[in-house]
Amino acid sequence: MNELRLSSKILIPILALLFVIPFAFDLYQFYSDIPIPTLESDDNISAINYVIEGLTILFSILYYIFLINTFNFRDKSIEENLKIYVYLLGLLYFSVIVFKLLLNPDWSGVSFPDEPQTLTTVIYSNFVSLFAIVFMVPILIVIKNLIYYKRTRRTYFFMRLLVISAFATVISGVIFPVPESFQFTGTGIINDVLFSIVLILVVLQSFRNSWITYLSRKEKVTYFFISIFIFWALLNLDGFAFKTSIPAHSLAASVFSTVAWYFQLSYVLFSSIYLLFQLPTARVFDRKMNEVTSLLDLSRVISTEFDFQKLIKLIPEMAIKVIEAEAMWLELYKTESKELYIASSQNLHQSEIEEFGKSGRQILSEKIVSSRKPILLNEIGKNHPYAYLREWKSDIGSIIGAPLISGNGKPLGLLFATKRHTFGFFPDDLAMLEAYANQGVIALDNATLIKESFERERMEEELRIAREVQQRLLPHKTPQYNGISIEALTITAYEVGGDYYDYINFSDDQLGFIIGDVSGKGTSAAFYMAEAKGIVQSLSKSFKEPRELLIRTNEILFETLERKSFISMLMASLNCSTNTLSFARAGHCPLLYYNSKQNAASLLQPEGIGVGLEKGVVFRKKLKEESVKCQKGDIFVFYTDGLSEARNHAGEEYGDERLRTLVETNATKSALELKDLVIDSILSFLEGKSLSDDLTLLLVKI
Amino acid sequence: MENFEVAREDHSEVSILRLKGFLDAHTAPNFEQAIQELIEEKRFKIIVSMSDLNYISSAGLGVFMGFIEEIREKDGDIKLTNMTDKVYKVFDLLGFPALYQIFKEEAEAEKEYNR
């Protein structure tokens with residue numbers, strides 16, 4: 001910044017000096033009768049004149065640098081550039097008028113350049129030249145900015161070519177002081193050729209006005225009229241201000257201002273024509289631009305908004321502005337049924353749309369959804385097949401509707417827009433509505449996906465908790481009783497089931513086993529399991545018979561379990577001194593018993609209903625307790641349906657029978673070996689398929 | 001995921017729900033909704049026919065339990081028919097025959113309602 005200020009500080013006095021020196025020279029010339037340089041004048045005088053012209057060229061260049069350094073021309077918008085242009089042109093006119101009135105110039109009009117007749121004329125010509133440079137340079141910068149609105153490498157090339165040829169024209173104009181006449185004769189020929197090249201380049205550059213395309217319709221109309229006025233003003237500018245006064249002071253300034261003037265004139269003329277040609281399509285263009293921006297807005301919102309409820313409000317809200325409808329609403333299908341509901345509306349109350357009646361709306365909606373195409377009803381007359389729309393609301397003259405079809409082809413709903421007038425919608429409105437519907441689908445699909453993934457995350461978390469609860473509830477160590485070996489196995493499925501087993505220490509020689517399965521999965525199953533364990537453990541202090549214990553457990557759990565939840569349980573009590581196992585089965589899988597004496601395994605399934613199914617009367621009536629007198633080598637296998645119902649790829653179940661046979665044929669093996677055999681057997685049966693339910697196995701070998 | 005379908009058929013006061021496929025924790029809500037609809041329409045005489053039901057899990061059984069109290073209070077019932085042996089085994093294991101009337105054919109259950 002300091003550097004910039006410094007250069008401005010230096011430049012201003014230099015510029016002032018560069019103005020004052022030729023000015024002083026002009027005054028001196030006026031009083032001392034030195035002839036103004038013409039083709040006939042001698043070389044000595046011309047040399048001084050060349051210096052003076054050189055100073056003027058230097059002035060212009062330094063002034064350009066000063067402007068570029070002082071003002072930021074680059075980042076101006078189209079509108080700002082145009083405003084600056086009008087101000088500059090106005091100021092130029094104003095300054096020239098003021099000086100003309102004040103100084104009243106008078107010219108000889110005999111030779112070229114004209115000779116000033118009075119001192120005021122000298123002052124006038126100096127100042128007009130100054131104004132020409134002072135205002136024309138920034139004007140050219142502004143026009144350059146407009147041309148560069150949409151630039152290519154060629155734009156730069158032609159611009160450079162223009163600057164170079166203009167500079168050459170200025171130099172040749174100084175060397176051959178002949179007015180541009182396009183006579184292509186004598187010494188003027190070089191001037192004329194160079195000037196023609198400049199003019200061609202100027203016209204070429206004048207085609208570059210693509211900034212006009214992106215103006216709004218209103219701007220196009222306004223700018224067109226302004227441009228006509230400016231063109232007229234420009235036409236007069238040369239004769240009014242430049243023609244005689246500038247050459248009298250400086251030929252360089254004269255050529256420069258003439259080139260600049262042609263450039264402006266041409267650029268304004270072409271802009272004017274462009275504006276005129278674009279007026280008829282301006283409305284359509286405006287609309288398309290609007291559509292693009294609003295669709296962009298919508299897609300931006302979509303990428304940030306994942307709240308389903310907010311989205312369904314946003315879709316008609318954003319669409320109504322572009323489609324210019326009077327009312328809009330969005331209908332969506334309910335997730336569970338195929339019924340449509342009004343998700344959101346604009347300028348029309350939800351209840352009003354509902355009044356329209358399910359049947360009436362449905363006919364239209366079904367037609368749109370089944371054809372998968374938007375529909376346009378522009379004239380809803382009395383005999384129209386959709387005349388009932390009028391009956392519903394008399395101020396609906398036209399209606400358009402588009403379906404929202406999800407990515408997987410499933411219809412999500414419909415988007416409607418209405419207008420009071422008949423023929424209110426154009427076919428391109430339909431395309432627009434469809435675009436909105438499509439964007440809406442993406443938004444809603446995304447929101448649903450995000451929601452699902454959140455849900456999944458939440459479920460994962462829940463599962464993790466459930467697994468943890470389940471793991472903590474299971475016994476940490478196997479009880480040690482003389483002559484009994486116990487092996488337990490639990491395999492948790494991905495979705496935690498409600499499997500549970502436990503040991504009860506009834507007394508020193510009486511050991512209890514419980515195996516259970518809570519209906520349902522996940523956290524609720526895990527918590528019911530926890531509840532069941534607590535109840536059973538505390539009741540076991542007072543009730544030592546399996547049947548009685550189950551009856552009491554059912555009484556308590558029935559009160560607290562959710563109606564649709566229940567627990568299947570099997571309780572057994574093994575008396576180690578009498579070698580008797582008594583057990584009761586409350587809706588659970590049978591007890592597998594291997595009798596070593598008979599060398600046969602069987603499934604014991606006494607009657608009994610699940611815990612929590614019934615408050616107690618039937619439960620008590622149905623529940624039977626059985627006793628088994630056992631001996632060394634006998635095996636009891638407690639299991640859950642996760643084992644018997646384990647499915648392989650073919651959908652076949654592992655089944656009780658497979659387990660029974662396996663135990664029977666391997667009964668001589670130890671409990672641990674047997675457990676491993678069961679695991680192997682199940683795994684080979686599953687053939688890599690994962691379990692869909694928990695699997696629990698409790699092996700007791702006497 | 002396994003498929004599950006509920007088809008409904010109304011015979012005057014009695015409604016028959018025919019289950020097909022796999023009834024487990026994932027598909028139970030569909031079945032639940034079907035019964036819920038019947039209750040909303042005050043149709044409490046329900047027959048659940050299961051000839052095409054391949055599998056029922058504890059969550060599926062829970063659906064019956066979830067509604068039976070309310071339906072019986074309204075003098076209705078859920079009667080079960082046309083079970084395959086495999087499905088019957090699951091019901092039997094849990095003791096359902098003590099809580100529900102189970103018939104071989106829909107007609108028998110209907111007759112029982114119209115008695």
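# Exercises on a predicted two-chain model

Chain B has 115 residues, and 42% of them count as buried. The model is predicted.

**Exercise 1. Describe the secondary structure of chain B and its order along the sequence.**

Solution. Start with the inventory: chain B has four helices and five strands. Next, read along the sequence. The pattern is β-β-α-β-α-β-α-β-α. Then turn to the contacts with a separation of 6 or more. In chain B, 69% of these join residues 24 or more positions apart.

**Exercise 2. Decide how helix 1 and helix 2 of chain B are oriented: roughly parallel or roughly antiparallel?**

Solution. Locate the pair. Helix 1 of chain B covers residues 28-40, and helix 2 of chain B covers 58-73. Take the geometry. The two helices pack at an angle of about 15°, and their axes are 9 Å apart. Angles under 35 degrees count as roughly parallel. Helix 1 and helix 2 of chain B are therefore roughly parallel to each other. Their crossing is right-handed.

Now find the residues that meet. Helix 1 of chain B brings A28(B), F31(B), E32(B), I35(B) and I39(B). Helix 2 of chain B answers with A59(B), G60(B), G62(B), V63(B), G66(B), F67(B) and E70(B). Sort this contact by class: seven residues are nonpolar, three polar and two charged.

**Exercise 3. Find which helix of chain B supplies the largest share of the side that touches chain A.**

Solution. Count both sides. The contact takes 15 residues from chain B and 19 residues from chain A. Look for helices of chain B with at least two residues there: helix 2 (58-73) and helix 3 (85-94) each qualify. Helix 2 of chain B gives the largest share, eight residues. By class, the chain B side has nine nonpolar residues, five polar and one charged.

**Exercise 4. Work out the relation between helix 5 and helix 6 of chain A, then name the residues in their contact.**

Solution. Helix 5 of chain A runs over residues 153-175, and helix 6 of chain A over 188-206. They pack at about 155°, with axes 9 Å apart. Angles over 145 degrees count as roughly antiparallel. The two helices are therefore roughly antiparallel to each other. The crossing of helix 5 and helix 6 of chain A is left-handed.

On the helix 5 side, the contact residues include F158(A), L162(A), S165(A) and T169(A). On the helix 6 side, they include I190(A), L194(A), V198(A) and L201(A). By class, this contact has 14 nonpolar residues, six polar and no charged.

Check the span of helix 5 of chain A. Its 23 residues reach 33 Å from first C-alpha to last, close to the 33 Å expected. Its buried residues include L162(A), S165(A), A166(A) and T169(A).

**Exercise 5. Check the span of helix 10 of chain A, and see what follows the helix.**

Solution. Helix 10 of chain A has 16 residues, 308-323. At 1.5 Å a residue, helix 10 should span 22 Å. Its end C-alpha atoms are 23 Å apart, which agrees. Among its buried residues are L311(A), I315(A), M318(A) and V322(A). After helix 10 of chain A comes E324(A), whose phi is positive, near 55°.

How values were computed:
Residues are numbered from 1 along each chain as its sequence is written. Chains are lettered from A and ligands numbered from 1 in the order in which they are written. This is a predicted model: local features need pLDDT of at least 70, side-chain atom pairs count only at pLDDT 80 or more; totals for chains, interfaces and linings use all residues. A residue is buried if 20 or more other C-beta atoms lie within 10 Å of its own, exposed if 12 or fewer, and partly exposed in between; C-beta atoms are placed from the backbone. Two residues are in contact if their C-beta atoms, placed from the backbone, lie within 7 Å. Axes are lines fitted to C-alpha atoms, for helices over the stretch in contact, and angles run from 0 to 180 degrees between N-to-C directions. Angles under 35 degrees count as roughly parallel, over 145 as roughly antiparallel, 65 to 115 as roughly perpendicular and the rest as oblique. A crossing is left-handed if the near helix is turned anticlockwise from the far one by less than a right angle, and right-handed if clockwise. Ala, Val, Leu, Ile, Met, Phe, Trp, Tyr, Cys and Pro count as nonpolar, Asp, Glu, Lys and Arg as charged, and the others, Gly among them, as polar. The expected span of a helix is 1.5 Å times one less than its number of residues.
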